Amino acid sequence: PGPSIDGLTAVTEVLAGAATWTLVLDRPVVLAGTVRGPSGAGVDGVRVTALENAGLGAAPSTTTDAGGHYSLMVDKGAPLDLLVEPPASAKLAGARLAVAANAGAVDVALGPGLLVSGVVRSPGATAQPGVRVEALCWSCGSPTPLATSISDTSGAYRIYLPDPGDVIVDGGVGD
């Protein structure tokens with residue numbers, strides 16, 4: 001429902017023949033936690049995004065404070081992926097965690113890492129927003145991405161890798 005205080009609702013019975021329906025939306029719940037680096041100290045300036053896997057797929061985002069704390073309002077009952085993107089200056093690997101619905105609190109520990117960034121452009125040099133960029137471990141022989149990013153409105157992407165080994169960047173272009 002947009003920036004309202006109401007959120008995801010489940011309809012559990014069919015209302016046959018009704019001319020109108022009244023649905024009461026569930027209030028969102030708080031998801032909070034602390035992002036810490038290898039030393040155990042909170043990390044300032046980390047972008048934390050909750051990618052909801054239900055409803056319309058909302059993606060509320062915030063940035064950690066000086067103590068590494070974050071707090072987001074998410075839809076009640078929605079499982080999500082928590083995307084954690086540290087600033088380049090932190091030299092930490094990012095993380096993507098699966099979070100159960102109504103988890104309430106999720107602390108994240110980040111290890112040392114490497115930032116890979118760039119701009120996705122079309123053959124005509126036009127910036128391409130909304131492109132999924134994946135970092136794969138070529139030597140691992142696994143199709144599972146090490147990290148994923150979505151290019152922003154200017155085509156820019158940022159991927160935080162835990163291991164700076166051989167990396168292939170796939171902008172999702174195919175036949």
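User: What kind of model is it, and how are residues numbered?
Analyst: This is a predicted model, in which local features need pLDDT of at least 70 and side-chain atom pairs count only at pLDDT 80 or more, while totals for chains, interfaces and linings use all residues. Residues are numbered from 1 along each chain as its sequence is written, and side-chain values use heavy atoms, with hydrogens and water left out.

User: What share of the residues is buried?
Analyst: Of the 175 residues in the protein chain, 29% count as buried. Buried means under 20% relative accessible area, exposed means over 50%, and partly exposed is in between (1.4 Å probe, protein chains only).

User: How many helices and strands are there?
Analyst: The protein chain has zero helices and twelve strands. Both are DSSP runs numbered from the N terminus: helices are H or I with at least four residues, strands are E with at least two.

User: Which strands form the open sheet?
Analyst: Four strands do, in the order β3-β2-β5-β6, with antiparallel pairing. Two strands pair if DSSP finds at least two bridges between them. The edge strands are β3 (61-63) and β6 (95-99), and each pairs on one side only.

User: What holds strands together in a sheet?
Analyst: Strands of a sheet pair through backbone hydrogen bonds, either parallel or antiparallel.

User: How many bridges join β2 to β5?
Analyst: Six bridges join β2 (residues 47-52) to β5 (residues 80-85). One example is L51, whose bridge partner in β5 is D81.

User: Which residues stand across from R47?
Analyst: In β3, the bridge partner of R47 is T63. In β5, R47 stands opposite E85.

User: New topic. Is T49 buried or exposed?
Analyst: T49 is buried, with a relative accessible area of 10%. T49 is found in strand β2.

User: Why does T49 count as buried?
Analyst: Because its relative accessible area is 10%, and buried means under 20%.

User: What is T49 in contact with?
Analyst: Leaving aside neighbours within four places in sequence, T49 is in contact with A59, P60, S61, D81, L82 and L83. Contact means heavy atoms within 4.5 Å.

User: What joins the side chains of T49 and S61?
Analyst: A polar contact of 3.0 Å. A polar contact is a pair of N or O atoms within 3.5 Å; within protein, one must be able to donate a hydrogen and the other to accept it, and residues adjacent in sequence count only if both atoms are side-chain atoms.

User: And where is S61 found?
Analyst: S61 is found in strand β3. S61 counts as partly exposed, at 41% relative accessibility. A polar atom of its side chain lies 3.3 Å from the backbone oxygen of V48.

User: How far apart are S61 and L72?
Analyst: They are eleven residues apart in sequence and 7.0 Å apart in space, C-alpha to C-alpha. S61 also touches L72.
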